[in-house]
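Take a look at the model below.

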Amino acid sequence: RMEALGEEVCPSTLPEGAKILNGVWVFTTKADDHGKFRKIKARMPVQGTRKQVTLAEVSKGQAYSPVLLTTTLRVLLATGIQNPAVRFWQLDIVCAYITAMARRHIWLRNTPGWGKKGYVRKVLKALYGDPESGRLFWEDHTDYHLSLGFKRVHHDQCFLILQESPSSWIRVGWHVDDGAAAQQGADLWKWYMGKMREKYDV
C-alpha cells in the first residue's frame, strides 16, 4: 500500500520551490472485544503543519470537512428502533484518506524503513495529517454515493438516503470514515456493500 501513494524520485529533480514534508511513524495497539491484545497498527501521517494553506483556500472551505451531526444520528436510531424489520450496521473504511486524489502534488520525504534513504515520493493521494485530506475524502466519498443513486439531505451534508421502495431502503451517516447505517431490504444492502467493497476496504 505504501508504494501506491506515488513514485519515488531524487530530490535534485524536484521543481524549484518544492516543499518537502516529513512523515512520522505512529504505532498503536489494538485489542479485541475482551480487551486482549490483538495486533499493532502502524500509520504514517504527514506533518501537515508545514504545508501552506492559503487564506483563500480556507475561506472556500477547502480545509474544512463536515461530519455527521449528533442530532441526525439520534433521529436515525430512533426511527429505526420503531420498526423491527430495520437492521443497523456500523461501517469502517480502512485507510480511507488515500482513496482520494490530492489536488496538488505532495512531496514526502522517505521515512526510516520505507524506500531509499534521502529520496522523496511524489504523492498523488490524500494523506493523514494533511489539512486538505479530510475535505478531499469527504468530497470523493460523497460523490461516489451520489453516483450510486443516494440523495443527500439538506440539513446534514454527511447523511445520505437511498430509497428503492417503502420496504427497501438505506440511510447512512458518515463521521469521516466511520459510518452508521439503517436499512430494510436484504438485496439492496447486499448490492450496496458490494459497491462499497469495489472502492474501499470496508
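The paragraphs below go from the strands to the core and then to the cavity.

This is a predicted model, so local features need pLDDT of at least 70, side-chain atom pairs count only at pLDDT 80 or more, and totals for chains, interfaces and linings use all residues. Residues are numbered from 1 along each chain as its sequence is written, and side-chain values use heavy atoms, with hydrogens and water left out.

Start with the sheet. Five strands form an open sheet in the order β5-β11-β10-β9-β8, with antiparallel pairing. Strands (E, at least two residues) and helices (H or I, at least four) are DSSP runs, numbered from the N terminus. Two strands pair if DSSP finds at least two bridges between them. β5 (87-92) and β8 (151-152) stand at the edges with a single partner strand each, so one side of each is left without a neighbour in the sheet.

Now follow the chain through two hairpins. A hairpin of six residues joins β8 to β9. Two bridges link these antiparallel strands. β9 and β10 then form a hairpin with two residues between them. Six bridges join this antiparallel pair. Phe159 stands opposite Gly173 in β10, and Leu162 stands opposite Ile170 in β10.

Next comes the core. A nonpolar core is a set of buried Ala, Val, Leu, Ile, Met, Phe, Trp, Tyr and Cys residues joined through side-chain atoms within 4.5 Å. Buried means under 20% relative accessible area (1.4 Å probe, protein chains only). The largest core has 24 residues, of which Phe150, Val172, Trp174 and Tyr192 touch the most other members. α3, β9 (159-165), β10 (168-175) and α4 (186-199) each supply at least two residues of this core. α4 gives the most, with five residues. Another core of 10 residues lies apart from it, with Leu76, Val86, Trp169 and Ala182 among them.

The largest cavity has a volume of about 50 Å³, taken as the space filled by probe spheres set on the points, which are joined across faces, edges and corners. Its lining includes Tyr97, Phe137, Trp138, Cys158 and Trp174. Helix α3 (residues 133-147) gives the largest share of the lining, four residues.

Key: 1 Å grid on protein atoms, 1.4 Å probe; cavity = no way out; pocket = protein on both sides within 12 Å on 5 of 7 lines; lining within 4 Å. Buried < 20%, exposed > 50% of the residue type's maximum accessible area, 1.4 Å probe, protein only.
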